[in-house]
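I opened the model today to look up a few charged residues and some backbone angles. My notes are below.

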Amino acid sequence: MLSRIQEVVAIANSPVTDAGTKKQALDFLAQVKAEPNASQLFVSLLSDPNSDDITRFVALQVLTDLIKQGSAEQQQLNYIKTAFLELLRAKINAGTRDPEYVRNKIAELATGLFYRMYGEINGDQWSSFFRDVITLLGMEPLKEGPLQALPSLGVDYFTRICASINSEVADQTFISSRENQLRNNSLKDTMRIRDIEMLVTIWLNTLKSLVPQQQRDLATLTLSCIGSYISWIDVNLIVNEMYITVIYGYLDFAQTKSACAQCLCEIISKKMKPMDKLTLLRMLNLTDKVSSIEHDDLEVYEQLACLSSAVGLELAKVFDQALDSPPTDELQQVATAADGQILTQVVQLVLRFMEHEYDSVTQQCFPFISQYLSVLKKQFALGGKPGSAVAVNSKRIPLDNDHKEFLISLLLVCFKKMKIDDSSDENSEDEIDEFNETIRTKLKVFQDSVAVINPDLYLDSMSGHIQTLLTGTDWRELELAIFQMHNLSESIRNNLFGINKNEIFSSPAAVLMTKFMRILLQTSSVFLMDNSYVQILFFELVVRHFNFLGSDEKDEISLLNIFCSPFGMFNQREKVRLRSWYLFTRLIKMTKPKLATPILSQIIGKVSPLLNIKAVVQEQDGTEEDTIFDSQLYLFEGVGLLIGSNTDSNFDILDEVLTPLFTALETCVSSQLQTPAVVLQSHHLLMAVGTLARGVHGGLVPDNQVNNTLVNRKLIHRSLIEKFSNIAEVVLVVFSFFSKHENVRDASRFTFARLIPILNNQVVPFASKLIALYLESDLSTAEMNDFLGFLGQMVHMFHHDQGSYQLFDSLLTPVINKIHVAMRQIDGEGSIENSDWSNGGISSTDSNGKNVVVTDSFRDKILLKKAYYGVLQSFVTNSVTSLLLTDTNRGILSTVLMDLLTYIPEEVQETSTVKLALNVLVSFVRCFGSGECTDENDKNGKNIGKLEGLNEFFITKIVPLVFEIPFKPEYKFDIKDGSCRVVACDLSRLLKEIYRQSGGGADINSNPCLKYMAEVYFRQIQFPSALGLELIQMLATLDGKAFEKYYVAMIGSLLA
């Protein structure tokens, strides 16, 4: 068997083994691992001379798993313990130095035994764990003092075992279960009482015995143990003069600087009282030691920067705690001493590391800087938005010279580090993006903190910095200048200076920003700079902070001309072009420039080369989007905005843009073959037309009046209506020609929706043809949903128009039939899905916490029903429910109502669809539950006679529904669940409404609803007579809210 296991391990570990064979090998090992004699087999593998290192590693892993999984019984544990001790003894006696991964696995095995056998919580099965291991490893003498001949292999195993045990019982990286946490705490308590002092002594004597230059690995392991244990042992065991002096000495050796710095970071981070922490930091005097060390290795720089920052961070915490505590003379002295130590010892050192050329060193300093600035805000902040916590809590102490010098020095370092490194060029996008995310954003926060602490100091420093950068010739300097202008503008917008709201844009900071914007626009070197970062950042600045342009520079025509230049929208770099196209429209939306026709014509003439659309057919996988066209749409919207807001109300200029689009569409329609390229080109052209129309409307009508029909009619000229009518005709022609293609149908609907605000009710004849074309098309579920949303928009816009009412009347039945065709199609797709939902279905947990089977077909049907109910709800909202009662649509009424009254169990469990349906149903009952339209706002309702039998239909369907949903087992209705409770409330409203529409009153014989409940339905279902009478009485006497509470409580009591 041993040889077989060895062979299988070799196969599993071989790089040439195929996946299937490897799986078989792993399955075999798992099977052997489950055998009763598994521990004996794998222990034998450890000592078998034919086992290689990989096999021994696997054997150790299996034994560790047997221990950790709890599958090893007491006898097996003792057997594995004995085997472990024999293995370790053999390694020490033979001086065998296995590969590091094997030694780590031996340490992990030791940890597993420790975890199951050490301490009171394990019945003290192996209370002498540490003493036995120390003796076996030949480290007994280290309990008394240092050794000249250190047992290096024993130290290696001992420190690895200690580190592994700490990771098991004290690692806070992952959240442990409460049971494991209690076990870990018990083990640590036992260690503290019995063994920690011994371990600490051995670590100290080990450090005294080591030769750092020759035994770097052992020193690193020992220092790592000390650093990891300090968080949960008595700090005084480590923090004493002798121990710290020994650790401190390892900073003097190049080989151990990094490990020593890391260890000291852990020591000084130990939680203590402010006075104790200050004493510790004074004793360490780390900053003097660090500043005197010669170091050039990056890892060492990082660790020493981290150590310096850690010292500062702890001092800043001491400073903060002392200030926040009730004031006493002692705490005041502590605060002063901590702050003084920061200023005299820490600041210069941390700032030196912070301006290091490598960002990984700079980042180590951020925690201290952030903490210290936070404390300084509480003391000195003069800014901060009025009413904010910073402004309210600041003591507003005058800034002294020492703190002022620190803030100035910090800003200088921030300015230096914010510049893109000289080693990065324009193509170093990933490096620059990472730099922006990890360094610049944090430095900006520090700058903002300084602005809050002392606005004048910030403005003085920033002013000189930006002014110097704007005179630079290197692209990195100009880029940083514009970036800092962004930061200055944001600090003004966010009111970091604590200025009254109405004075923000006349403040010294705003005046300064206006000055820099003027200088920037007058700096020709900016526009000659052929660099994408400068170009994009310039346009971002001008658009976002347009308000800071002075009256001379606030010339939209000049800015638009800058956009329409090779510096912007005609740039040779695609990313600059595409971004500037978006920002071009963004600027127009913000400023709404009103241009005269000649100037507008010039601008459009400049932009027109960019309006030439050429569809790019993507690869079949469709992974790449047509980003150029998507960005072109911004241009069409921007041009539309300019045309809509022109001062001459001359819309003939629209032809300059529309004519090329119509010509291109004519070419597509006349094409003999509907190739993918032709279809996509047609889609793009229609989208461009629709986006242009949206822009024209946006330019004409103020943003806050877009949906005001009266304002639209007043502002929209007859000539524009004629042009948009022509657009509607063109769209219909293209739609009819490409009606089989979904993307063209989508684009047609998109464009029509943008024509509606301009054409108003004159769009109805065109919309009628469009809807008819849609009804003739084979629509996907998603497309059907969008189409129904479009119909809902039409109902909302034109419910007052009689011509539109006639359109809806004639189309309602075909639309409902189309919906049912789509429903049947979805049901057909659902029938071929496997019962285990393997073909795309998933099991999902809905908002109620219930497991609902969500197949693709079920999801599609839910979405379609929601869109369907949305259209029906629009009839209620816009007071046209009489459409359902007309002679044209009476035949479909029962179908519509049954759609609202019928649910499958999964829909009830999912609840969202049912809630929509019940809301619509309540509204329908309110509007025509009596058989005639009673909605006073429905002006067509009075012309429609009473529909006999409709009230009876509602009664016979609603009453059973109200009781079936809560009580039928297949619905799994849980009244305690929030969503189900909402459904129950909706059912109570539905019952209350049909009672009212049946005449109201308390007389059972005069109210058909009450009579049906008492004499028919309750008898059919054998409802308790007393409870039935009570329910009828409550229904007749209570108001809606009170009956809702009663009904929900009744369901709860019956389901209990």
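**Ground rules.** I am working with a predicted model, in which local features need pLDDT of at least 70 and side-chain atom pairs count only at pLDDT 80 or more, while totals for chains, interfaces and linings use all residues. Residues are numbered from 1 along each chain as its sequence is written, and side-chain values use heavy atoms, with hydrogens and water left out.

**Salt bridges.** I took a salt bridge as a side-chain nitrogen of Lys or Arg within 4 Å of a carboxyl oxygen of Asp or Glu. The count by this rule is 46 salt bridges. I looked up R97 and found its side chain in a salt bridge with D156, at 3.5 Å from N to O. R97 sits in the loop between α5 (74-94) and α6, D156 sits in helix α8 (residues 152-170), and the two are 59 residues apart. Helices here are DSSP runs (H or I, at least four residues), numbered from the N terminus.

Next I checked cover, where buried means under 20% relative accessible area, exposed over 50%, and partly exposed in between (1.4 Å probe, protein chains only). R97 counts as partly exposed because its relative accessibility is 47%. D156 has 1%, so it counts as buried.

D156 also forms a salt bridge with R103, at 2.8 Å from N to O. This pair links helix α8 to helix α6 across 53 residues. Both D156 and R103 are buried.

I then looked at D474 and R476, whose side chains meet in a salt bridge at 3.1 Å, N to O. D474 is partly exposed at 25%, whereas R476 is buried at 9%.

**Phi angles.** Most residues other than glycine have a negative phi. D124 is not a glycine, yet its phi is positive, about 50°. D124 is in the loop between α6 (100-117) and α7 (129-136), and is partly exposed at 30%. N760 also has a positive phi, near 55°. N760 lies in the loop between α36 (742-759) and α37 (764-776), and is buried at 8%.

I looked up D430 in helix α22 (residues 429-453). D430 is exposed, with a relative accessible area of 62%.

**Domains.** The bounds come from an automatic or database domain assignment. I noted domain 1 (598-616 + 625-768) and domain 2 (812-831 + 855-1055). Their centres, taken over C-alpha atoms, are 43 Å apart.
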